[in-house]
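Thanks, I'll keep this short. I have one structure to show, and then two topics to go through.

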Amino acid sequence: MGSQDSQTLGGRVEVWIALALCAAVLTAGALEQLVRNRPAHLGSFAPHWIPLAAAGLAAAGIMPSKGRPQWLRVRRALHGSGLLLMVWAANGLPLDLLRLTGLIPLPVNWPGLATKTLALAAAVVLAHLALAGPAAPASARPATWYGYAAFVLALPYPVLRTNWALGGTLGLGWPGAAGHGFAPWLLAIPWLLAAAMSLLLVPTWRWMPRRLLLAAGWSATTIVALIGPAACWALVTGLVGGRDSGPKGIAIWVFGLFYGSWLLWAIAAGAATRSYQLRSAAPRTSSPT
């Protein structure tokens, strides 16, 4: 009884922390829109209303209530929608951190940095609340195909980079439009590692360090999730506005393939990591003696 009471109390505290973070995101997002003369180098990572919608939907989905049981699905849908929008609201944070450390020599957008940091913190708490929800029935075994899907989605970037490094011109207007030599190919190494990790999330080998693999899976999912939606949105807004969507000499479908695969990989990798987490936590069946 004592442990159950402490878990219930901890869950309530976490809900109130999530609500406080949602309020902070709402406030920071509203104040960010009041800032004038924003630097010209700041791209549009998401519509301006995303932080406001994310905070509102997430708060509605986790707000403590004693409503009817049939509203549970609605609240879960609101919770999930708010979580996804909150991740989108945090997009571009890696670039802000690179500017903050000086690796990108451009001014830091402090209001945007505050909004994105709060959105990421809120997304982490919301995700923990979602994962800590009622578990699926024991008969419903988590699917393993997510890892294979993530493996396939990790391949477009390294495959095209390899083609270009070997002198191919698939998707290029002229040879060398995406860089010369094998140096640009090094950018594909993280995606080769992501492909290998995706396959490692399929089996549940006991000799694999479970915590290390889970840390790698959730970390990679978070990093790519902070890039994929923003890249897709920048591509769409660039096409609609008639602006250049990338370096000249590279076909537009290449960027669509890259950015789309990044977005979908984050979804598939998150599902694969969660599936591995559930399957690897299952007790090992002992053979009858």
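Start with Gly 228, which sits in helix 10, the run of residues 228-241. This is a predicted model. Gly 228 has a relative accessible area of 0%, so it is buried.

What does Gly 228 touch, leaving aside its neighbours within four places in sequence? The contacts are Asn 91, Tyr 259, Trp 262 and Leu 263. There is also a spacing to note for Ser 261: it is 33 residues from Gly 228 in sequence, while the C-alpha atoms of the two are 8.1 Å apart.

Now the charged side chains. As a general point, side chains of opposite charge can pair when their charged atoms come close. How many salt bridges does a search of the whole structure find? It finds two.

One is between Asp 96 and Arg 99, with 2.8 Å between the closest N and O atoms. Both residues belong to helix 4, residues 93-101, and because they are three residues apart there, about one helical turn separates them.

The other joins the side chains of Asp 96 and Lys 116, at 3.0 Å from N to O. This pair links distant parts of the chain, since Lys 116 is in helix 5, residues 110-131, and Asp 96 is in helix 4, 20 residues away.

Buried or exposed, then, for Lys 116? The cut-off for buried is under 20% relative accessible area. Lys 116 is at 9%, so it counts as buried, and Asp 96, at 1%, counts as buried too. Through shared partners, the salt bridges connect Asp 96, Arg 99 and Lys 116 in one network. Arg 99 is buried as well.

Notes
Residues numbered from 1 in each chain as written. Predicted model: local features only at pLDDT ≥ 70, side-chain atom pairs only at ≥ 80, totals over all residues. Heavy atoms only, no water. Helix = DSSP H or I, 4+ residues; strand = E, 2+ residues; numbered from the N terminus. Buried < 20%, exposed > 50% of the residue type's maximum accessible area, 1.4 Å probe, protein only. Contact = heavy atoms within 4.5 Å. Salt bridge = Lys/Arg side-chain N within 4 Å of Asp/Glu carboxyl O.
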